[in-house]
Amino acid sequence: MADSNQFNLSDHDYATKELSNSLISKIEYLKVLNDAIDEQDDRLVYQLIDGQRYSKEILKAKHSVADIENESLILDVHDKISAFLSKKLITYLREMYPFFYFEEIGVGRFQFYFGNWWGRRLFGELDVLNVEFKFNAEEYEKLSRAFELEVENKRYNTDEINKISEETDSLQELIDGQDSRDQRKDEIRKELKRQSQEKVSFWEQSKQKEQRQKLMSELSKLTDLDEAANNAYQKIRENEEKVLNLSKEDTLLGYEKQSIITKFGTFENFIDHNNSLYRDYIADLIARKGRVD
Amino acid sequence: MEKNNSNGTVTFYPNNYENSEEDVHSLSTKGRLLSYNNQLKDSLHNGLKFTELLDELIETTDSQNLLRAAMELTLFQLDTAYLVFPQQYSQSDYYLIFLNRLLQLHQNEQVILQSSDRNDELYHEFPGINQNGYFTFRIDNTEEGGAYYTEKNTGEILFYLNFQRRILHFNSRAITNLLVVDYSKTYNYETVKKFEMYLMALGEYFKKDYGFDVDFNIMDPSNSTFYQFGNSGIPQAALDKLFIQAARENFMLVTGLHNEAILKLDNDVEVTIYDKSIEDSSATLNKWGLVVTDDDHKVSWFDLLFQYDFIRTWYLDNLSSLEIQSNPLYF
């Protein structure tokens, strides 16, 4: 029995059709993606997982077609897609950036080192899905600064090392001056003793007192220096350690700079390549596919 | 025991003379004479036996007989209570003579056996480093026995030799101090290398002819030789220094997959510095050291210390963490 007071609801057939269409679209999306993966078509996978970027950067489309709903279907398998795509990408990167060494740290996750030399720096992570280096900001900044300093003919830590070396030199002087300080202290003590035993006239007493003060203050200065000299050994050792670490860093940066110059000519050229990495890589995939087909 | 009698000649009595008066009283005069005569005969036989051994040491062309003669001579008690030989060689002398004979048997007698009138002893002199090398053996008088081949002026002990235990162990510290530090100031690589080859030859002959356990230490050129550092922990600061110093000489210290440090040198020579304990899952202590590899198994750590100034400087400056271990039982 129909109750005329009930609200009018939408048509069930329409709802069925709408849902079915949506699901078919999703199934279609997943099917295309799955086929692309079966066929090892990395280019198509890139297009499917981020249509907006693909159409903007590769197709140069004015109005990009975003398929965010479907793309969000696969969010939970991004690490697996990343693992899948990493194979060809890293092969490509090894050729383009022979000085980066990639290490897998989880499913589809990779970090990379700069160089294969001793003490090489961990330089960042690779974002496979976006074909992008996520550089470690601090390390990258050092390298960038090292390139800037080249015009001044300086290394990254030149100033710091010079500063520490100067300090070490003056500390060493302090240590070396121990003998002459000891000698002077001896003289002062003898003089003080002599004065204390000397009988002076009333008129000269204030003059003697003044002289005594002067000697006492010199003596106290000398003992302060002795104290500083005692601590100097420790400080010199610490400085040596600092200089070692700074020199090591300079050596590392030297190798890094050399690697970039050998491959890219300039640091700017290296930056340009990093910025166009996505485009260049997809273009390379297209070119390869063309060659294979 | 000896006693002076009234006319000044020396009479020897049996050893237990003082402790057992009764025995003496119980012996007749004839008995005493016979006993004395037998002791003399024994002593003379002992002396003859000695001369046979000495003949062997000087003349034999059989390396086994040579070793036996040397072993016995270094332990030989020539003097007895009844017979004393005033002119004798020392134990050290027999060791030295033995080494020369051994080298002779291999037609490789490079070291010269000299006689010092001043010290009344034999010593080894090596052509090329004559002024700075006076080698003798210092006898180990402890129960362990054996003898140390020692450069007398510096007191540096190059190796320990023990016939009974059948071992010859070289001493890395002395080889470094004497050959690498001292001799490198005065002599070129070729001269010192000749001396080192003489030491190596000795080791080889002991190994081949007698099956001795020979530890060549830093002179061992085999690629599989692991030169263990005296200090077992990671020599982090030293490795950082090597990285910097090598870079200045245009050599690169690279890092391996297992955190080992690899220094690639000229002619495909490589030094790998690593923690050997990672090869042994049951190991609880780190065991850092280095191996030197080259295509012909010819290059040892010693050679590199000599050939690369920066490696020598680095090694000597960081001895506290890098000094290659010698057998701690003997050095």
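In chain A of this predicted model, helices H8(A) and H9(A) are roughly antiparallel to each other, a label used for angles over 145 degrees, whereas angles under 35 degrees count as roughly parallel, 65 to 115 as roughly perpendicular and the rest as oblique. H8 spans residues 178–197 of chain A and H9 spans residues 205–264 of chain A, and the two pack at an angle of about 155°, with their axes 10 Å apart. The axes are lines fitted to C-alpha atoms, for helices over the stretch in contact, and the angles run from 0 to 180 degrees between N-to-C directions. Helices are DSSP runs of H or I with at least four residues, strands are runs of E with at least two, and both are numbered from the N terminus.

By class, the contact of H8(A) with H9(A) has seven nonpolar, three polar and seven charged residues, where Ala, Val, Leu, Ile, Met, Phe, Trp, Tyr, Cys and Pro count as nonpolar, Asp, Glu, Lys and Arg as charged, and the others, Gly among them, as polar.

An unreviewed UniProt entry places a "coiled-coil region" at residues 222–249 of chain A; such positions are given in the numbering used here, feature names are shortened, and annotations may be inferred rather than shown by experiment. Over residues 222–249 of chain A, the model has 100% helix and 0% strand, and the end C-alpha atoms are 39 Å apart.

Chain A also holds an open sheet of four strands in the order S1-S2-S3-S4, with antiparallel pairing; two strands pair if DSSP finds at least two bridges between them. S1 (100–106) and S4 of chain A stand at the edges, each with a single partner strand, so one side of each lacks a neighbour in the sheet. The twist averages 35° from one strand to the next.

Within this sheet, five bridges join S2 (residues 109–114) to S3 (residues 121–127) of chain A, with Gln111(A) opposite Glu125(A) and Phe114(A) partnered by Arg121(A). The hairpin of S2(A) and S3(A) has six residues between the strands, and Gly115(A) takes a positive phi near 90° there. S3(A) then pairs with S4 (residues 132–135) of chain A over four bridges in the antiparallel sense, and Gly124(A) stands opposite Phe135(A). Four residues lie between S3(A) and S4(A) in their hairpin, where Val131(A) in the turn has a positive phi of about 45°.

Chain B has an open sheet of five strands, ordered S10-S14-S13-S12-S11 with antiparallel pairing. Three bridges join S11(B) to S12 (residues 261–264) of chain B, and Val254(B) has Ile262(B) as its bridge partner.

Between the chains, the contact takes 10 residues from chain A and 12 residues from chain B. The side of chain A that touches chain B has three nonpolar, five polar and two charged residues.

Residues are numbered from 1 along each chain as its sequence is written, while chains are lettered from A and ligands numbered from 1 in the order in which they are written. Because the model is predicted, local features need pLDDT of at least 70 and side-chain atom pairs count only at pLDDT 80 or more, whereas totals for chains, interfaces and linings use all residues.

Key
Contact = placed C-beta atoms within 7 Å.
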